[in-house]
Amino acid sequence: MKFLLTLREWELASVVSFAYTALVAAFIRTALPSAARLRAVCGSVAGLLLTVASAMARFHPLLHGWLMPPVLLLLGYWTSGLLFVAPMRHVEQMFAFVDRLVHVRRVGARAPASVAEFLELSYAAVFALVPIALALHLNLSAVPNTDRFWTVILVTDFICFAALPWIQTRPPRALEPGEPWASSFRTFNLRWLGMASIQVNTFPSGHAAEAVAAALLVSNLRTGVFILMLFNAAAVSAGAVFGRYHYAVDAFAGWLVAITVWLMVMH
């Protein structure tokens with residue numbers, strides 16, 4: 001217990017997340033194949049060990065400010081994907097129904113080629129938004145606090161990952177015929193997802209949530225900076241939904257998670 005009290009907030013969040021994943025894999029998701037169960041538990045243990053190593057290491061701005069939090073985030077993402085058992089078709093149908101109500105496919109198909117390319121690029125660029133936000137926070141904030149910064153990012157993403165065992169869906173691109181729009185950059189995104197993603201849908205959307213969290217974390221800086229980051233967050237969400245990487249409800253839920261976590265941690 002004393003050791004837990006010495007952890008940084010984002011390290012404590014990592015401990016909770018990996019312990020949760022291990023518990024779900026080992027005792028709750030009984031339908032998991034044995035190999036996936038073992039890999040999920042081993043990945044969770046690896047995450048716990050890395051978190052302990054981070055806590056015990058002497059503080060270094062590169063290690064604790066730039067390297068370790070993203071490593072734990074990615075490990076949590078890949079480990080959570082191992083908890084997928086089978087798609088919940090009724091949930092997929094509900095999510096798809098909402099998309100039809102707001103005419104997602106129709107709007108995407110009518111988007112000019114330049115807009116489609118921009119939104120596909122924005123979807124991929126989400127991975128740059130967090131380090132950009134961190135650099136802005138460190139250089140422009142009156143009192144920079146990297147621990148609070150990473151706490152918002154990791155807690156936001158970990159909440160998205162934690163829902164996967166209970167809301168199991170496939171991305172709409174895997175269920176719908178044809179391409180949503182004409183985009184050459186989409187080929188890169190699909191190839192990248194094929195190599196690095198967990199191949200299932202996350203509700204809430206980690207892409208949308210992380211982009212909004214990054215924007216909110218620079219909201220106390222210059223107004224122009226915040227507006228630009230918020231625009232980028234909206235573009236990431238639009239690319240995710242209209243590119244059919246996510247359902248609309250995934251993005252809306254991601255925004256809600258990010259705003260809630262930011263309010264709880266930063267206020």
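What span should the twelve residues of helix H10 (residues 185-196) have, and how far apart are its end C-alpha atoms?

Modeller: Bear in mind that this is a predicted model, where local features need pLDDT of at least 70, side-chain atom pairs count only at pLDDT 80 or more, and totals for chains, interfaces and linings use all residues. Numbering runs from 1 along each chain as its sequence is written, and side-chain values use heavy atoms, with hydrogens and water left out.

At 1.5 Å a residue (times one less than the number of residues), H10 should span 16 Å, and the 17 Å between its end C-alpha atoms agrees with that.

Its buried residues (under 20% relative accessible area, 1.4 Å probe, protein chains only) are Arg186, Asn189 and Leu193. Looking down the axis of H10, these fall within an arc of 55°, so they line one face of the helix; that arc is taken from the directions from the helix axis to the C-beta atoms. An α-helix has 3.6 residues a turn, so residues three or four places apart point the same way. On the other side of H10, Arg191, Gly194 and Met195 are exposed, meaning over 50%. Helix H7 (113-124) is part of what covers the buried residues of H10, through contacts (heavy atoms within 4.5 Å).

Notes. Helices (H or I, at least four residues) and strands (E, at least two) are DSSP runs, numbered from the N terminus.
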